[in-house]
Amino acid sequence: MTVTTQELLLSRIRDVPDHPIAGVTFKDITPLLADPEAFTALTEALSELCVRHGATKIVGLEARGFILAAPVAVSAGLGFVPVRKAGKLPGATLSQAYELEYGTAEIEVHAEDLLPGDRVMVIDDVLATGGTAEASLELIRRAGADVAGVAVLMELGFLGGRARLEPGLGGAPLEALITL
């Protein structure tokens with residue numbers, strides 16, 4: 001019996017009940033990262049999506065998005081641009097505030113790392129409510145670049161992130177390797 005990439009990835013994601021608070025089941029990807037076969041399969045699947053959608057650069061969202069996006073960028077032969085929490089990048093940055101369930105947050109990117117003509121694929125581990133991804137799309141466009149799409153390992157469909165992102169995608173694809 002052959003195991004699909006999706007089955008392999010899902011088999012390496014561990015559920016941690018009541019983390020970080022009671023009633024929440026945390027999806028832990030560290031077992032996937034520790035398994036070279038699964039991590040390679042994930043990197044190849046995301047790399048293929050970047051190439052298929054004509055990306056010229058990859059944005060990784062802090063922090064687990066960095067872990068996924070950097071090897072994808074190397075595999076696809078593309079540049080990697082980190083989107084960080086406010087105050088973490090030196091030099092000139094573009095920043096974008098966004099709403100959380102309780103309060104606000106802010107992310108930043110180096111202003112010179114995204115240029116007009118760039119087609120940027122956003123990569124993260126999980127699409128939950130979509131706030132950070134939505135803010136990253138705004139940052140990409142404010143830098144003058146185009147959005148090639150968003151690619152995630154997992155989409156938690158019950159949290160509504162896809163619906164929140166669709167207006168900001170402007171027709172660009174949202175690809176989830178696993179939807180829960």
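Okay, so let's start with Lys57, which sits in strand S3. Strands here are DSSP runs of E with at least two residues, helices are runs of H or I with at least four, and both are numbered from the N terminus. A quick word on what we're looking at: this is a predicted model, where local features need pLDDT of at least 70, side-chain atom pairs count only at pLDDT 80 or more, and totals for chains, interfaces and linings use all residues. Residues are numbered from 1 along each chain as its sequence is written, and side-chain values use heavy atoms, with hydrogens and water left out.

Back to Lys57. Is this lysine buried or exposed? Lys57 counts as buried, because its relative accessibility is 17%; buried means under 20% relative accessible area, exposed means over 50%, and partly exposed is in between, using a 1.4 Å probe and protein chains only. The side chain of Lys57 also reaches the backbone oxygen of Asp113, at 2.7 Å. That's a polar contact, meaning a pair of N or O atoms within 3.5 Å; within protein, one must be able to donate a hydrogen and the other to accept it, and residues adjacent in sequence count only if both atoms are side-chain atoms.

Now look across from Lys57: opposite it stands Val120, in S7. Strand S3, residues 57–61, pairs with S7 in the parallel sense over four bridges. Two strands pair if DSSP finds at least two bridges between them. S7 also runs parallel to strand S8, residues 146–155, and eight bridges join those two. One of the pairs there is Leu127 with Glu155 in S8. To get from S7 to S8 the chain goes through H5, and this β-α-β crossover is right-handed: with the strands pointing away from you, the path from the first strand over the helix to the second runs clockwise.

S7 is mostly covered, by the way, with eight of its nine residues buried.

So where's the empty space? Rolling a probe the size of a water molecule over the atoms shows where empty space is left. The largest pocket here holds about 1,300 Å³. A pocket, on a 1 Å grid over the protein atoms alone, is an open set of points with protein on both sides within 12 Å along at least five of seven lines, and lining residues have an atom within 4 Å of a point. Of the 36 residues lining the largest pocket, Arg64, Val126, Ala128, Thr129 and Leu159 are the closest to its centre. Which element gives the most to that lining? It's S7, with four residues. By class, the lining has 18 nonpolar, seven polar and eleven charged residues.

Most residues other than glycine have a negative phi, and most peptide bonds are trans. Asp18, in the loop between S1 and S2, has a positive phi, near 60°. In that loop you'll also find Pro20, and the peptide bond joining His19 and Pro20 is cis, with omega about 5°. There's a cis bond from Glu62 to Ala63 too, with omega near 0°; Ala63 is in the loop between S3 and H4.

Last stop, Gly54, in the loop between helix H3 and S3. Gly54 is partly exposed, because its relative accessible area is 32%. Gly54 and Ala148 are 94 residues apart in sequence, but 6.7 Å apart in space, C-alpha to C-alpha.

Note on methods. On a 1 Å grid over the protein atoms alone, a cavity is a set of points where a 1.4 Å probe fits but cannot get out, and a pocket is an open set with protein on both sides within 12 Å along at least five of seven lines; lining residues have an atom within 4 Å of a point. Grid points are joined across faces, edges and corners, and a volume is the space filled by probe spheres set on the points. Ala, Val, Leu, Ile, Met, Phe, Trp, Tyr, Cys and Pro count as nonpolar, Asp, Glu, Lys and Arg as charged, and the others, Gly among them, as polar.
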